[in-house]
Amino acid sequence: MKRILFTAVSLGVLGLVSPALAADLPAYTKAPALASPTYDWSGFYVGVYGGGGYGNHNLNNALGPAGFADYTINYSSTGGVAGGEAGYNVQSGNMVGGIEVGGFWSGIKGSDISQFNAGTLPIASIDATSLRSGVTVLARGGIAVDRLLLFFTGGWAYGNLQHTNTDPVFGVDQFSANRSGLAAGGGIAYAITNNLIGKFEYRYYDFGRYERLAPTNGQIPYTVDNTYSVVTIGLDYKFGGPVVAKY
């Protein structure tokens, strides 16, 4: 009987003490989520690129526009480009801004020889333009989604162009024109590794107008307006800049 009474009393005491002990124990909390890494686009980079382009050339002389067009003669050019650049980016949140300086070699060239052979030109000579090289200084801005960057560029461009006018009777007049103009474009970049970045880019160049006031082969003076569209793929190397933990 005593044993039964003792057991009952012990169970009652434990029932009273248990809530107090539970109150002293630390509450269970879920472990914090692991940090999600995000890529940091800040830092210096250098790179190379290559691709191809298309040029449009509007020649005007004293003969005036052809029909309703704003040029006397129009012709196009095509060819490859290759170059390199160096730049610096700063990232704040998912916004990226920076500056990029680059240079390129170009094999974009073309002429109106097909129109000359067809007898549709208003003048009896062949005009050809070749974009040989260029330099760019561009502002850069974009939106980053971890390792993916959508960017836009715009700024100053310099181009070295060569023009050749060939008269079947009076010979060839050839000269170089160095033009300062504008460049704008955009593209997509992706960080393949922490330092290696691949990109696809489009650029539009407007090198304005050059003029030939006194051709050496007897042609009348003329001017040529020049624009280009260029598509390239490239590879950049970014110095430093590890991924940053983001909670």
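User: Is Phe207 buried or exposed, and what is its relative accessible area?

Analyst: The model is a predicted one. A residue counts as buried when its relative accessible area is under 20%. Phe207 has a value of 0%, so Phe207 is buried.

User: How is a pair of aromatic rings described?

Analyst: Two quantities are used: the distance of the centres and the angle of the planes. There are eight aromatic pairs in this structure. In one of them, Tyr205 and Phe207, the ring centres are 5.7 Å apart and the planes stand at 5°; planes under 30 degrees apart count as stacked, so this pair is stacked. Tyr205 is buried too, because its relative accessibility is 3%.

User: At what angle are the planes of Phe207 and Tyr228, and what is the pair called?

Analyst: The angle is 65°, with the centres 6.0 Å apart. An angle over 60 degrees counts as edge-to-face, so that is the name for this pair.

User: Where in the chain are these two residues?

Analyst: Phe207 belongs to strand β8 (residues 196-212) and Tyr228 to strand β9 (residues 222-238). They are 21 residues apart, and the pair links distant parts of the chain. Tyr228 has a relative accessible area of 1%, so Tyr228 is buried.

User: Which residues do ring pairs link into a cluster?

Analyst: The cluster consists of Phe104, Tyr205, Phe207 and Tyr228.

User: Which ring does the charged end of Arg140 sit over?

Analyst: It is the ring of Phe151, and the distance to the ring centre is 4.3 Å. Another case is Arg203, which lies over the face of Tyr49 at 5.8 Å from the ring centre.

Terms used
Residues numbered from 1 in each chain as written. Predicted model: local features only at pLDDT ≥ 70, side-chain atom pairs only at ≥ 80, totals over all residues. Heavy atoms only, no water. Phe/Tyr/Trp six-rings, centres within 6.5 Å; stacked < 30°, edge-to-face > 60°. Buried < 20%, exposed > 50% of the residue type's maximum accessible area, 1.4 Å probe, protein only. Helix = DSSP H or I, 4+ residues; strand = E, 2+ residues; numbered from the N terminus. Lys NZ or Arg CZ within 6 Å of the ring centre and 35° of its normal.
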